Amino acid sequence: MKKILITGCLGQIGSELTMRLREIYGTNNVIATDIRRVEDNEVIESGPFELLDVTDHKAMLELAKKYEVDTLIHLAALLSAVAEQKPKLAWDLNMGGLVNALEVARELNLKFFTPSSIGSFGPGTPAKNTPQDTLQRPTTMYGVTKVAGELLCDYYFEKFGVDARGVRFPGLISYKTLPGGGTTDYAVEIYYEALKNKKYSSFIDKGTHMDMMYMPDAIEAIIKLMEADLPKLKHHNAFNITAMSFDPEEIADSIKKYIPEFKMDYNVDPARQKIADSWPDSLDCSAAEEEWDFSPKYNLDRMTKDMLINLSEKLELPLPNTLK
Ligand code: VAH
């Protein structure tokens, strides 16, 4: 990768990936795009930014040519909960945007990345230690677009030689940008509420295990995969990756190690609970470990400590005594 075009740069992944890529490859070599412009935003103010609607193939092609990029990282998509409320819009954006991005990668011979998700699995998939190659019959529109996306990316690799790579992300947790419309968002909200109010009502029920990962590990995984030697990859779209699996009780217990008075109860959202119940409990990541040395660094307690320290600063709230 030398010159990179990113779509969805203002999203939860894009906001952090753009800044990290600019650190590594140089600010002017990372062109950030999104459908909207916002004020007072470090991604927009720190380097090249363009407005881009990913359903506009011509506009995407013109930007890729204008900046003479060699890599396209396509992140723009609707997440699971919103996609379930607006399934037709989710199909049009997630699939229309993806096929446009793959066409641009084909036409300009670009290296390509787009994320899949644990949402690409369904109730018929083995829930524990979910294999890299297994049944994928998701019961959500988000999952349908993720499975279709994986198949489309592999098609472009086999048919046109597009070097398309992807990972199946678990729930991603970060303090820099609030997630938008996901099922795993409870695992981000809980940290904000723990600092603000010392309590949280989880919309996901007790005992619901889902794979999760701290954002720094997710960012490094994308870069590591994209820099891997192509001949070493037996899989392309998309690799199982995860760093931990927990349920609401376990993340609450981790927070209590730093905020002993923290209390959690439940106000389950049936729609997002139904989505979560259809996803695996824990993934087998051996293919990613063997083929490109995937190795996350944050476990639950280390993530909790880092989240609380950074959120205290971001929210201008007192650091818990245990962290002083
Ligand atoms: C979502 N955060 O909840 C995303 C992700 C595995 C979850 O795909 O939709």
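I started with the second largest pocket, which holds about 230 Å³ of space. By pocket I mean an open set of points on a 1 Å grid over the protein atoms alone, where a 1.4 Å probe fits, with protein on both sides within 12 Å along at least five of seven lines. The volume is the space filled by probe spheres set on the points, which are joined across faces, edges and corners.

This is a predicted model, so I kept in mind that local features need pLDDT of at least 70 and side-chain atom pairs pLDDT 80 or more, while totals for chains, interfaces and linings use all residues. Numbering runs from 1 along each chain as its sequence is written, and side-chain values use heavy atoms, without hydrogens and water.

Next, the lining of the second largest pocket: 14 residues (each with an atom within 4 Å of a point), with Glu16, Arg20, Tyr175, Lys176 and Pro216 nearest the centre. H1, helix H8 (215–227) and helix H12 (300–315) each give two or more; helices are DSSP runs of H or I, at least four residues, and strands are runs of E, at least two, numbered from the N terminus. H1 has the largest share, 4 residues.

Then I looked up the largest pocket, at about 1000 Å³. I found 50 lining residues there, and Leu75, Ala76, Ala77, Leu78 and Leu79 are the closest to its centre. H6 gives the most to this lining, 6 residues.

Last, I checked domains, with bounds from an automatic or database assignment. The largest pocket draws at least three lining residues from each of domain 1 (4–170 + 214–240) and domain 2 (172–212 + 244–280 + 298–323).
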